[in-house]
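Keep the viewer open as you read.

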Amino acid sequence: MRFLRLLRHLFIPHESNNQKAKLLHSSSLAILAVTLIAFQLVLGFAHRAFPKVLGYAANISPAEVIRLTNVQRTANGLNPLSENSTLDAAALAKGNDMLAKGYWAHFAPDGTSPWSFFLSFGYKYKYAGENLARDFPDASSAVTAWMNSPSHRENILNPNYEDIGIGVVEGSLAGADTTIIVQFFGTPLSGSPSIPVAQAKGNTTATPKPVPVPTLIPTPVPVAAATLNQSTIGASLSFISPFTSTKNISLLVTGILILVLSIDLIVVRRNRIMRIGGRTLAHLAFFGMILAVILILKAGQII
Amino acid sequence: MRAFVKDISHYFVLFGILIASFAGLILFSYDKNFQIAVSLALALAYISWGIVHHYLHKDLHIETILEYIVIAFLGFVIIFSIIIRT
């Protein structure tokens, strides 16, 4: 009974709350705003203190990106792409290059092209393509975003490609923690993969060098390093995504406010309550718009 | 409902502010700084709308202004939190 009274006090206009749900009082709304700010501060602190629990690389494994890409290709009547370890290493180098030089683009500020990574790792291509994604919580969202963009979709569904390589890197880009997915597509020039993998060793900083003659040295050290890096990211799976938790909290707060405002609108009209205050209908429209923004804004960018 | 019809021109302005802000936030989703600026502009526009609307109604009180400020601030905090996490 006491609990029900408390609920009424919080959510329904009544004598106990001066004919206005306690939750809609300015003091309560201010407390709510301060709580949300505190939540963001805690989230930011927790991300720095416990990066393996709160992070941005939620479930992004290169194998999953390849699997989902091939699902899209086979669904469109195309052959699945084969994972190419040289392209994996080249894609990883491209991702690390973006973090090191602090750019988010296909071409580096110094003019380094994506294709120079193919060549510097010894992948002589007949056809080559690149898709980039950042800040997605999982592989599925990134592939979906690519499929929704005509130019990226064209890359994924290009019948000329035979090989695929994925690089997933985590780091700070322009001061923001980020996870970048680099998706390389290619078809080798000779028809068979050229794997001068050892050439890649000196080029992990992504200085493009032409590879004159593929020298086959059997120890693929850079590829091993690449695999290690990527599996490390896979291992540091985030259990809580800051974006998802912020979105859920925002949805909850906005949803409750819309509900309470709707109740307020009905009760005040029905009981013909006169009171000093803002327009409930205007507040409803305001929070309705905010709800739409929360639902539509998505994490992640593609280029 | 009668009050809404009477103030329909006021609400047209309000819906215009909300729709323009919504469009700005979605169309410029690649530019976080612009999105934050749009959110701030939305909050200020909402407060202004509330003040002008109640002033024309001759029922402008300090409590009312405070209510619009707090609602606008809360809305800004919610949108800002989402933007910085995208």
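Start with helix α6 of chain A, where Ala139(A), Ala142(A), Val143(A) and Trp146(A) are buried. Look down the axis of α6(A) and those buried residues fall within an arc of 95°, so they line one face of the helix. Bear in mind as you go that this is a predicted model.

Now zoom out to the two chains. Chain A has 10 helices and five strands, while chain B comes to four helices and zero strands, running α-α-α-α from the N terminus on. The overall numbers sit side by side here.

## The largest core

Which residues have the most contacts inside the largest nonpolar core? They are Ala90(A), Ala142(A), Ile166(A), Ile181(A) and Phe184(A), in a core of 36 residues. At least two residues of this core come from each of α3 (62-75), α4 (85-101), α5 (114-120), β2 (125-134), α6 (139-148), β3 (163-173) and β4 (176-188) of chain A. The largest share, seven residues, is supplied by α4(A).

Leaving aside its neighbours within four places in sequence, Ala90(A) is in contact with Phe117(A), Phe118(A), Phe121(A), Tyr123(A), Gly165(A) and Phe184(A). There is also a second, separate core of 34 residues, which includes Leu261(A) along with Ile78(B), Ile79(B) and Ile82(B).

Next, go to Phe118(A), which lies in helix α5 of chain A. Is Phe118(A) buried or exposed? Phe118(A) has 26 other C-beta atoms within 10 Å, and because the cut-off for buried is 20 or more, Phe118(A) counts as buried. Not counting residues up to four places away in sequence, Phe118(A) touches Ala90(A), Tyr123(A), Tyr125(A), Ala128(A), Phe184(A) and Gly186(A). Phe118(A) and Leu87(A) are 31 residues apart in sequence, yet their C-alpha atoms are 6.8 Å apart in space.

Two bridges join β2(A) to strand β5 (residues 301-302) of chain A, and the two run antiparallel. In that pairing, Ala133(A) stands opposite Ile302(A) of β5(A).

Follow the chain into the loop between β2 and α6 of chain A and you find Asp135(A). Phi of Asp135(A) is near 65°, a positive value in a residue other than glycine. Most residues other than glycine have a negative phi. With 23 C-beta neighbours inside 10 Å, Asp135(A) counts as buried.

Gln19(A) makes a handy comparison. Its place is in the loop between α1 (2-11) and α2 (26-49) of chain A, and phi of Gln19(A) is near 60°, again a positive value in a residue other than glycine. Gln19(A), however, counts as partly exposed, with 17 C-beta neighbours inside 10 Å.

## Where the chains meet

How many residues does the contact between the chains take from each side? It takes 30 residues from chain B and 35 residues from chain A. On the chain B side, α2 (8-27), α3 (32-57) and α4 (62-85) each supply at least two residues, and α4(B) gives the largest share, 16 residues. By type, the chain B side divides into 19 nonpolar, eight polar and three charged residues.

From chain A, take a look at helix α10 (residues 280-296). At 1.5 Å a residue, the 17 residues of α10(A) should span 24 Å, and its end C-alpha atoms are 24 Å apart, which agrees. Buried residues in α10(A) include His283(A), Phe286(A), Phe287(A), Met289(A) and Ile290(A). The buried residues of α10(A) pack against α9 (242-271) of chain A together with α2, α3 and α4 of chain B.

Conventions. Residues are numbered from 1 along each chain as its sequence is written. Chains are lettered from A and ligands numbered from 1 in the order in which they are written. This is a predicted model: local features need pLDDT of at least 70, side-chain atom pairs count only at pLDDT 80 or more; totals for chains, interfaces and linings use all residues. A nonpolar core is a set of buried Ala, Val, Leu, Ile, Met, Phe, Trp, Tyr and Cys residues joined through C-beta atoms within 7 Å. A residue is buried if 20 or more other C-beta atoms lie within 10 Å of its own, exposed if 12 or fewer, and partly exposed in between; C-beta atoms are placed from the backbone. Two residues are in contact if their C-beta atoms, placed from the backbone, lie within 7 Å. Ala, Val, Leu, Ile, Met, Phe, Trp, Tyr, Cys and Pro count as nonpolar, Asp, Glu, Lys and Arg as charged, and the others, Gly among them, as polar. Two strands pair if DSSP finds at least two bridges between them. The arc is that of the directions from the helix axis to the C-beta atoms. The expected span of a helix is 1.5 Å times one less than its number of residues.
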